[in-house]
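Dear colleague,

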Amino acid sequence: MKILAIGDIVGVRAIEHLKQNLWGIRRKLGIDFVVANGENATEIHGLSASDAQKILDSGVDLITMGNHTWSKRDLYNFLDDNSDKIIRPANYPGNAPGCSYTTVDVGGYRLLCMNVQGVAFMDPLADPFEAVEYILAREEGEYDLSLLDFHAEATSEKYAMARVFDGKISMIFGTHTHVATADCQILPGGTAYVTDLGMTGPVNGILGTDSERVLRKMRMHMPSQFIVADGEIKSDAVIFETDGEKMTKISRIRF
């Protein structure tokens, strides 16, 4: 079985890039399931319901979210109505819209998909480690494989998550920083891990954002409305491979 995890989608042109390329990638590489982080897809500022549907139509099976989950109010009902296709971080309050995990059938295996958000250099949410522990305990015996999108700023926090749940979660990948890391590995306990998937977006900006707008903010300390950069779009992603019982391989692709 092959599972493709796609880095943070930045802007509507990135959605179009997936629409044009993803189904071909799925067929060529024999991908069984696709998960992508979509919290920046509506021109950096969150995700609208219409753009969420476009991502799903492009060939993504599950959208994960992050700290911009609540930027577009029309997504709230979409989260509630499509809990098997889009999940938000589990360590937001329990009465927030949407669900934080779902279990899907992939090739006859039950795949538990989870999403949590880091707290280092980010919003002071509930403990992400405890949030994951709660889900695993609640769903014990109800899944065969599992994956976690840890949407976090600090690489140390991401790696700590991997170490804590090595052997307890099949696949752990980081999102949020938009920079693809070169540490794809299978940990001693059997968990396939990468610190950050990277980004689906313009390669010539700053993390997908127009460079001049970012530099104005950083160098002049003046208000600057961020917009998506122009130029070529690329998608950073990771392929996880499993024989159904254990993880056998993790590898990077860019398309």
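**Contacts of T181**

Leaving aside residues up to four places away in sequence, T181 touches V194, T195, D196 and R252, where contact means heavy atoms within 4.5 Å. T181 is located in the loop between β9 (171-175) and β10 (185-186); helices (H or I, at least four residues) and strands (E, at least two) are DSSP runs, numbered from the N terminus. The side chain of T181 reaches the backbone nitrogen of D196 at 2.9 Å.

**Basis of the values**

This is a predicted model, in which local features need pLDDT of at least 70 and side-chain atom pairs count only at pLDDT 80 or more, while totals for chains, interfaces and linings use all residues. Residues are numbered from 1 along each chain as its sequence is written, and side-chain values use heavy atoms, with hydrogens and water left out.

**S235 in strand β13**

S235 belongs to strand β13 (residues 233-242). With a relative accessible area of 0%, S235 is buried (buried means under 20% relative accessible area, exposed over 50%, partly exposed in between, with a 1.4 Å probe and protein chains only). Not counting residues up to four places away in sequence, S235 touches I6, H17, L18, M199, T200, I253, R254 and F255. The side chains of S235 and T200 are joined by a polar contact of 2.7 Å. Such a contact is a pair of N or O atoms within 3.5 Å; within protein, one must be able to donate a hydrogen and the other to accept it, and residues adjacent in sequence count only if both atoms are side-chain atoms. The C-alpha atoms of S235 and Y101 are separated by 24 Å, and these residues are 134 apart along the chain.

**Aromatic pairs**

Rings of Phe, Tyr and Trp (its six-membered ring) pair if their centres lie within 6.5 Å; planes under 30 degrees apart count as stacked, over 60 as edge-to-face and the rest as tilted. By this rule there are 4 aromatic pairs. One of them is the edge-to-face pair of W70 and Y76, at 5.6 Å centre to centre and 85 degrees between the planes. W70 and Y92 also form an edge-to-face pair, with 5.4 Å between centres and 90 degrees between the planes. W70 lies in the loop between β4 (62-64) and α3 (75-81), and Y92 in the loop between β5 (86-87) and β6 (101-106), so this pair ties together parts that are 22 residues apart in sequence. W70 is partly exposed, at 23% relative accessibility, whereas Y92 is buried, at 11%. Ring pairs link W70, Y76 and Y92 into a cluster.

**Packing of α1 and α2**

Helix α1 (residues 12-29) and helix α2 (residues 49-57) pack at an angle of about 20 degrees, with their axes 9 Å apart. Axes are lines fitted to C-alpha atoms, for helices over the stretch in contact, and angles run from 0 to 180 degrees between N-to-C directions. The contact is made by V12, I15 and W23 of α1 and D51, K54, I55 and D57 of α2.

**Backbone angles**

Most residues other than glycine have a negative phi. F121, in the loop between β7 (109-117) and α4 (128-138), has a positive phi near 65 degrees, and is exposed, with a relative accessible area of 74%. H176 lies in the loop between β9 and β10 and has a positive phi of about 105 degrees, although it is not a glycine. At 16% relative accessibility, H176 counts as buried.

Yours sincerely
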